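The following exercises are to be worked through with the sequence and the structure at hand. Each task is followed by a solution in steps.

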Amino acid sequence: QVQLVESGGGLVQAGGSLRLSCAASGRTDSIYAMGWFRQAPGKERDFVAVIRMHDGRTYYADSVKGRFTISRDNAKNTVYLQMNSLKPEDTAVYYCNRVEWSTISALDAWGQGTLVTVSS
């Protein structure tokens, strides 16, 4: 079993930046890909970005492409989400999860997430 802890959220003005972290523990050798998802108030949880751990290949939702960058540090079992040029519509609770690469679907139960609030 893998445990995931998200951190790094906060309040930022539009146009600003934040970096989220997702630290994994437990059976980290079972992690093939990790991703970020987000859920805005009153909306469904959506995919944001995914990274394949062994080669760093990435894939992004169109809404964040060019603004967000997902990266990983395999030695630390940590995945990051660098968010630049933030917009108010990026406001959401952000979650990380193991991801099934071919379907970009989350594999594990959701954690508490980390709240990102972008003010206009």
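**Exercise 1.** How many disulfides does the structure hold? Identify the cysteines and assign the handedness of the bond.

*Solution.* The model is a predicted one. It holds one disulfide. The partners are Cys22 and Cys96, whose sulfur atoms lie 2.0 Å apart, and a disulfide requires the two sulfur atoms to be within 2.5 Å. Next, locate the partners: Cys22 belongs to strand E3 (residues 18-26) and Cys96 to strand E9 (residues 92-100), so that the bond links distant parts of the chain, 74 residues apart. For the handedness, take the torsion about the S-S bond; it is about 65°, and the disulfide is therefore right-handed. Finally, both Cys22 and Cys96 are buried.

**Exercise 2.** Classify the aromatic pair of Phe37 and Phe47, and then that of Tyr95 and Trp110.

*Solution.* A pair of aromatic rings is described by the distance of the centres and the angle of the planes. The search of the whole structure finds four aromatic pairs. For Phe37 and Phe47, the ring centres are 5.9 Å apart and the planes stand at 75°; the pair is therefore edge-to-face, since planes over 60 degrees apart fall in that class. Phe37 lies in strand E4 and Phe47 in strand E5, ten residues apart, and both residues are buried.

Tyr95 and Trp110 also form an edge-to-face pair, with 5.6 Å from centre to centre and 65° between the planes. Because Tyr95 is in strand E9 and Trp110 in the loop between strand E10 (105-106) and strand E11 (114-119), this pair ties together parts that are 15 residues apart in sequence. To assign burial, compare the relative accessible areas: Tyr95, at 11%, is buried, whereas Trp110, at 32%, is partly exposed.

**Exercise 3.** Which rings have Arg19 and Arg52 over them?

*Solution.* Begin with Arg19: its charged end sits over the ring of Tyr80, 4.2 Å from the ring centre. Then take Arg52, which lies over the face of Trp101 at 4.9 Å from the ring centre.

**Exercise 4.** Describe the largest pocket by its volume and its lining.

*Solution.* The largest pocket contains about 160 Å³ of space. Its lining includes Arg38, Gln39, Asp46 and Phe47. Strand E4 (33-39) and strand E5 (45-52) are the elements that give two or more residues to this lining. Sorted by class, the lining has five charged, four nonpolar and three polar residues.

Note on methods. Residues numbered from 1 in each chain as written. Predicted model: local features only at pLDDT ≥ 70, side-chain atom pairs only at ≥ 80, totals over all residues. Heavy atoms only, no water. Helix = DSSP H or I, 4+ residues; strand = E, 2+ residues; numbered from the N terminus. Buried < 20%, exposed > 50% of the residue type's maximum accessible area, 1.4 Å probe, protein only. 1 Å grid on protein atoms, 1.4 Å probe; cavity = no way out; pocket = protein on both sides within 12 Å on 5 of 7 lines; lining within 4 Å. Points joined across faces, edges and corners; volume = space filled by probe spheres on them. Nonpolar A, V, L, I, M, F, W, Y, C, P; charged D, E, K, R; others polar. Phe/Tyr/Trp six-rings, centres within 6.5 Å; stacked < 30°, edge-to-face > 60°. Lys NZ or Arg CZ within 6 Å of the ring centre and 35° of its normal.
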